[in-house]
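Morning, everyone. Please take a look at the model on the screen, and I will walk you through a few parts of it.

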Amino acid sequence: MQKRMNWYQAVADCEQRGEPYVLVTVLGVTGSVPREPASKMVVTGDQSHDTIGGGHLEYRIIARARERLAAKEYGYEMANFPLGASLGQCCGGSVAVMLEGQPGSDARLVVFGAGHVAQALMSIMGQLPWQVTWVDSREECFPEALPINVRRHLTDDPVGDAANLATDAHCLILTHNHQLDFDLCRTLLTADTAASIGLIGSQTKANRFVQRLAHRGFSDETIGRIRCPVGHPDVPGKRPMEVAVSIVAELLALAADDGNSTQAARRGLSWSGLKTLMQETPVATETDTTEK
């Protein structure tokens with residue numbers, strides 16, 4: 001069971017894990033109400049954190065927030081809720097709220113190997129909104145504490161598990177064993193489910209793997225899907241953290257090419273648009289919402 005948090009802890013948690021959420025803010029109140037303006041709560045697909053007053057009002061707002069998450073409606077919605085008989089709260093006032101949907105991130109990474117470079121990599125990936133699966137057969141190589149967005153996958157058969165784990169994910173092969181590296185490359189190329197494949201090693205290792213894979217019938221185009229040496233060429237250094245920085249730089253560039261980071265210069269409501277909305281558009285009721 002997840003720990004209940006206040007709203008700003010929940011926002012930080014969702015951002016770190018890349019989980020979609022809706023931030024609910026009380027914009028204004030009239031009469032007798034359970035919470036004051038600026039009260040906030042966070043709603044995810046299966047959790048809610050903090051409160052804007054409880055009762056049927058909060059139940060309705062949580063339901064509306066989850067409808068938006070299910071429909072992937074990320075944006076802004078303003079709504080007004082009279083605290084009358086329809087909500088079972090006879091305070092006599094009303095509450096105007098804003099629901100701000102945030103899409104999170106669906107970027108996924110699978111890392112095979114738990115050596116020094118992988119451990120340095122996790123200290124960076126733990127600060128990014130990626131969902132990371134970390135694979136190795138050696139339990140003692142995993143640190144006791146992992147970032148919240150990193151899931152350990154302990155297995156005695158990483159090659160057998162690779163195809164399923166790699167589906168729609170960027171994959172990094174950073175193991176301690178060249179034969180295991182090769183078997184993982186062959187499996188991932190055969191499955192053809194990974195978003196990308198990166199292999200740690202020298203140019204000599206890359207040339208040797210190209211020859212071995214070609215002998216097993218893989219085409220030049222298919223073999224070319226493997227990036228080796230892995231990492232951004234403009235980031236120098238051979239220390240584990242330097243290599244990890246290089247790899248992350250390359251991953252971020254790949255994610256940008258996927259279109260995950262493309263954003264317009266202006267997002268949400270402009271100030272002029274918000275003033276117009278507030279001055280000219282009636283505040284929405286619980287059955288009539290206004291969205292931009």
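**A buried lysine and its surroundings**

Buried here means under 20% relative accessible area; exposed is over 50%, and partly exposed is in between, with a 1.4 Å probe and protein chains only.

Before I go on, how this was made. This is a predicted model, where local features need pLDDT of at least 70, side-chain atom pairs count only at pLDDT 80 or more, and totals for chains, interfaces and linings use all residues. Residues are numbered from 1 along each chain as its sequence is written, and side-chain values use heavy atoms, with hydrogens and water left out.

Back to Lys 205. Where is Lys 205 found? In helix α6. Helices are DSSP runs of H or I with at least four residues, strands are runs of E with at least two, and both are numbered from the N terminus.

What is Lys 205 in contact with, leaving aside its neighbours within four places in sequence? His 178, Asp 181, Leu 199 and Ile 200. Contact means heavy atoms within 4.5 Å.

Take Asp 181 from that list. Its side chain meets that of Lys 205 in a salt bridge, 2.6 Å from N to O. Lys 205 is in helix α6 (residues 203-215) and Asp 181 is in helix α5, so the pair ties together parts that are 24 residues apart in sequence. Both residues are buried. The rule for a salt bridge: a side-chain nitrogen of Lys or Arg within 4 Å of a carboxyl oxygen of Asp or Glu.

Phe 182 and Phe 209 are edge-to-face, 5.5 Å centre to centre, with 85 degrees between the planes. Phe 182 counts as buried at 1% relative accessibility. Phe 209 counts as buried at 3%.

The cut-offs for rings: Phe, Tyr and Trp (its six-membered ring) pair if their centres lie within 6.5 Å; planes under 30 degrees apart are stacked, over 60 edge-to-face, and the rest tilted. By that rule there are three aromatic pairs. Another of them joins Trp 134 and Phe 142: the centres are 5.2 Å apart and the planes at 85 degrees, so this pair is edge-to-face. Trp 134 is buried at 1% relative accessibility, and Phe 142 is buried at 7%.

How many salt bridges does the count come to? 14. One lies within helix α5: Arg 186 and Asp 183 are three residues apart there, about one turn of the helix. Their side chains meet at 3.5 Å, N to O. Arg 186 is partly exposed at 32%, whereas Asp 183 is buried at 19%.

Elsewhere, Arg 64, Glu 67, Arg 68, Glu 73 and Glu 77 form a network of salt bridges. Within it, Glu 77 and Arg 68 meet at 2.8 Å, N to O. Both of these are buried.

**The sheets**

Now the strands. Two strands pair if DSSP finds at least two bridges between them. Six strands form an open sheet with parallel pairing, in the order β8-β7-β6-β9-β10-β11. The edge strands are β8 (150-154) and β11 (226-227), each pairing on one side only. Strand β10 (residues 196-199) joins β11 through two bridges. Gly 198 has Arg 227 in β11 as its bridge partner.

Helix α5 (residues 178-191) packs on this sheet, touching β6 (108-112), β9 (170-173), β10 and β11. Its direction makes about 160 degrees with that of β9. Axes are lines fitted to C-alpha atoms, for helices over the stretch in contact, and angles run from 0 to 180 degrees between N-to-C directions.

Helix α3 (residues 116-125) has buried residues including Val 117, Leu 121 and Met 125. The buried residues of α3 pack against β6, β7 (131-136), β8, β9 and α8 (240-257).

There is antiparallel pairing too. Strand β1 (residues 21-30) is joined to β5 (residues 94-102) by nine bridges. Val 29 has Val 95 as its partner in β5. β1 also pairs with β2 (residues 40-43), over four bridges.

**The whole protein**

To finish, the totals. The protein has nine helices and 12 strands. Of its 292 residues, 43% are buried.
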